[in-house]
Amino acid sequence: MGGTVTDYRLFLFAGGWIRYARAEPYSALEGAMISSAGIAVEVLLAALALLVARHCRRGGLARVGLIAYAAGNAVHATYYLAVGIHYGIGDGVAIRDVLGPGPIRAGAALGAAALAIIVSFAGARLFFAELWPQLRRFRRAWLAGTAAMIVAVLLHGGLALASLHLERDPAYAGLMRPSAEREADRAVARLRRDLEASGRRADPQQLEAARQAVVRRERPWPLRPLLAVAVIVAVIVGARRRPRFGDCGPWTRKEIVILGGLSLAAIVLVWLLRSP
């Protein structure tokens with residue numbers, strides 16, 4: 001759209017942000033299109049991974065890894081879109097502004113949430129259907145698979161939180177503030193100006209009370225926890241699918257080394273490109 005990237009920042013396990021500019025200001029629609037590009041890239045990568053996975057050995061580590069990658073990207077993209085539009089955070093801020101208040105915005109958030117649940121179910125069905133031949137080598141196969149998934153999710157979540165904590169970034173923190181809090185900041189700034197214009201002192205307790213009142217008024221209903229629970233349930237239900245093919249043999253050490261090497265290479269690449 002004729003713009004130039006002016007700055008960016010990547011985090012090892014927690015995404016990042018980008019700044020861009022051009023001589024002519026961006027319209028609201030253009031801003032929404034640019035903001036949704038990251039989500040679109042996640043969906044595109046998920047589709048490409050599934051296409052490649054179709055040509056890999058059934059039940060093989062490459063196929064399982066590609067399906068896991070595709071499912072993770074697709075679930076995150078739809079979940080992030082729903083939460084972003086609903087709360088006004090991250091990439092969803094510009095989209096939320098274009099949709100405006102009212103039923104269209106609510107419908108878009110709920111539609112993205114429904115899509116996240118469907119994708120979670122479908123991704124779990126595909127993933128566990130391929131993983132089952134390896135899991136049934138254990139006495140409690142379904143429990144082993146569930147435990148492995150929980151460990152993987154907690155590990156990634158812990159790494160993401162640690163990355164954000166160690167690389168404290170004010171720009172990222174500002175992007176992830178809900179629209180209710182930003183509106184409260186603007187309301188407090190207006191109140192402060194009005195008080196100072198009338199010659200009165202801005203009492204901190206009064207300003208904080210005003211801020212909390214705006215946050216309570218503007219805060220939307222809690223979609224995030226409800227959607228998180230729905231996604232977990234969808235994954236559990238989808239995970240109970242059994243494959244229609246026979247034993248594919250155990251994963252080889254070579255497959256494990258290659259997948260581990262690719263994962264490590266991706267982390268190193270993000271670290272090298274983390275900032276200009």
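How do the axes of helix 8 and helix 9 cross, and within what distance do they come? In this predicted model, local features need pLDDT of at least 70 and side-chain atom pairs count only at pLDDT 80 or more, while totals for chains, interfaces and linings use all residues. Residues are numbered from 1 along each chain as its sequence is written, and side-chain values use heavy atoms, with hydrogens and water left out.

The axes of helix 8 (residues 179–197) and helix 9 (residues 204–218) come within 8 Å and cross at roughly 145 degrees. Helices here are DSSP runs (H or I, at least four residues), numbered from the N terminus; axes are lines fitted to C-alpha atoms over the stretch in contact, and angles run from 0 to 180 degrees between N-to-C directions. Residues that meet (contact: heavy atoms within 4.5 Å) include A184, V188 and L191 in helix 8 and L207, A210 and V214 in helix 9.

Turning to helix 1 (residues 28–35) and helix 4 (residues 92–99), these pack at about 145 degrees with their axes 8 Å apart. A28, L29, G31, A32 and S35 of helix 1 make this contact with A94, I95 and V98 of helix 4.

As for helix 2 (residues 37–53), its 17 residues reach 24 Å from first C-alpha to last, close to the 24 Å expected at 1.5 Å a residue (1.5 Å times one less than the number of residues). I39, E42, A46, A49 and A53 are buried in helix 2, meaning under 20% relative accessible area with a 1.4 Å probe, protein chains only. Viewed down the axis, the buried residues of helix 2 fall within an arc of 85 degrees, so they line one face of the helix; the arc is that of the directions from the helix axis to the C-beta atoms. These buried residues pack against helix 3 (61–87).

Terms used:
Helix = DSSP H or I, 4+ residues; strand = E, 2+ residues; numbered from the N terminus. Buried < 20%, exposed > 50% of the residue type's maximum accessible area, 1.4 Å probe, protein only.
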